[in-house]
Structures are given as structure tokens and as C-alpha cells.
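Here is a short report on one protein model. It covers surface, contacts and charge pairing.

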Amino acid sequence: MTTIDAPRTPYATTRKGVNWEKWGWIYMRASGVVLVVLIFGHLFVNLFLGEGVKQIDFAFVAGKLADPFWMVWDTALLWLAMIHGANGMRTIVNDYVDKPQVRRILLGAIAVSTAALVILGTLVIYTFDPCPAGADPSLVASFCEDL
């Protein structure tokens with residue numbers, strides 16, 4: 001009879017100090033609950049309120065990103081979703097990649113890509129210009145005239 005080791009068996013042990021696997025597990029559960037609220041709130045506002053999906057254009061996005069409430073909402077959604085996904089990918093790599101060098105490379109790639117996307121996404125949210133110079137007036141006129 002062949003036995004299969006439990007996932008992460010050789011890698012589940014931690015050095016003295018913080019048990020990062022435990023905190024990663026807790027983060028996945030807590031962020032998952034918060035993400036359900038953030039995602040369904042996002043979908044409800046974008047797809048069900050107003051005119052539905054046909055209301056989504058540059059002016060709609062500009063209006064949302066001009067409101068501090070939606071900036072914080074979108075930032076929380078971005079950060080929680082990216083870190084949640086990266087933590088899940090980290091778990092998969094730890095479960096299925098046997099070679100330490102390949103594991104290090106993959107975990108490094110996950111960390112770098114997650115950091116880059118979180119930084120770039122946050123920059124977009126907080127530096128978005130709702131009235132860009134040289135933009136098509138028919139796209140931005142409805143929002144920029146109100147400013």
C-alpha cells in the first residue's frame with residue numbers, strides 16, 4: 001500500500017517565533033469574509049443601481065474615483081484581493097513544488113508581481129485625473145462641467 005504525505009509536511013514546521021502558516025490561514029478566512037462584502041457591494045453599485053452596465057463609462061468611473069468613500073472601498077478591495085490571491089498561490093506552491101530552488105523562485109515571482117500590482121493599482125486609484133487635458137470632451141464633459 002502506497003502512502004502519500006500530507007501537503008506541506010516538510011515545510012509546515014516553523015522556526016522559533018511567529019507561526020506564519022497559522023496567520024496566513026487566519027488571514028485567508030478573515031479577508032474572504034470582508035471580500036464577499038466588498039465584491040457584492042461593488043457589483044451591486046455598478047450593475048444594479050442606476051442604468052445597469054450601460055452606465056459604466058469614463059464619467060462613471062471618474063465620478064466614483066472622485067469620491068473618497070469609493071477610493072477607500074476600491075483600495076481595500078484591491079489590497080485584500082491581491083494579498084488573498086497571493087497567499088493562496090503561495091500555499092499551492094508550498095504544497096506542490098518539491099525543489100527548494102524552484103519554490104524560492106516561484107515565491108519570489110509571486111511576491112514581486114503582487115507588490116507591483118498593489119502599488120500600481122493604488123497609484124491609479126489615488127492619482128486618477130477625472131478631467132485629463134486633451135481628453136475627448138464627449139466622454140468627460142458631463143463630469144468635468146460639474147467641477
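## An exposed loop residue

Val-53 is exposed, at 58% relative accessible area. Exposed means over 50%, buried under 20%, and partly exposed in between (1.4 Å probe, protein chains only). Val-53 sits in the loop between α1 and α2 (58-65). Helices are DSSP runs (H or I, at least four residues), numbered from the N terminus.

The model is predicted: local features need pLDDT of at least 70, side-chain atom pairs count only at pLDDT 80 or more, and totals for chains, interfaces and linings use all residues. Residues are numbered from 1 along each chain as its sequence is written, and side-chain values use heavy atoms, without hydrogens and water.

## The nonpolar patch

Val-53 is one of the residues in a nonpolar surface patch of about 990 Å². Others include Phe-40, Phe-44, Phe-48 and Ile-56. Patch residues have over 30% relative accessible area and no salt bridge; nonpolar side chains (Val, Leu, Ile, Met, Phe, Trp, Tyr) are joined within 5 Å, like charges within 9 Å. Areas come from the Shrake-Rupley method with a 1.4 Å probe, and for residues only the protein chains shown count as cover. Helix α1 (residues 20-48) gives the most, with seven residues.

## Links between α1 and α3

The structure holds one salt bridge (side-chain nitrogen of Lys or Arg within 4 Å of a carboxyl oxygen of Asp or Glu). Glu-21 pairs with Arg-90, with the closest N and O atoms 2.9 Å apart. Glu-21 lies in α1 and Arg-90 in α3, so the pair ties together parts 69 residues apart in sequence. Glu-21 is buried at 19%; Arg-90 is partly exposed at 21%.

His-84 lies in helix α3 (residues 68-96). Its contacts (heavy atoms within 4.5 Å) include Tyr-27, Ser-31 and Leu-35, not counting residues up to four places away in sequence.

Terms used:
Helix = DSSP H or I, 4+ residues; strand = E, 2+ residues; numbered from the N terminus.
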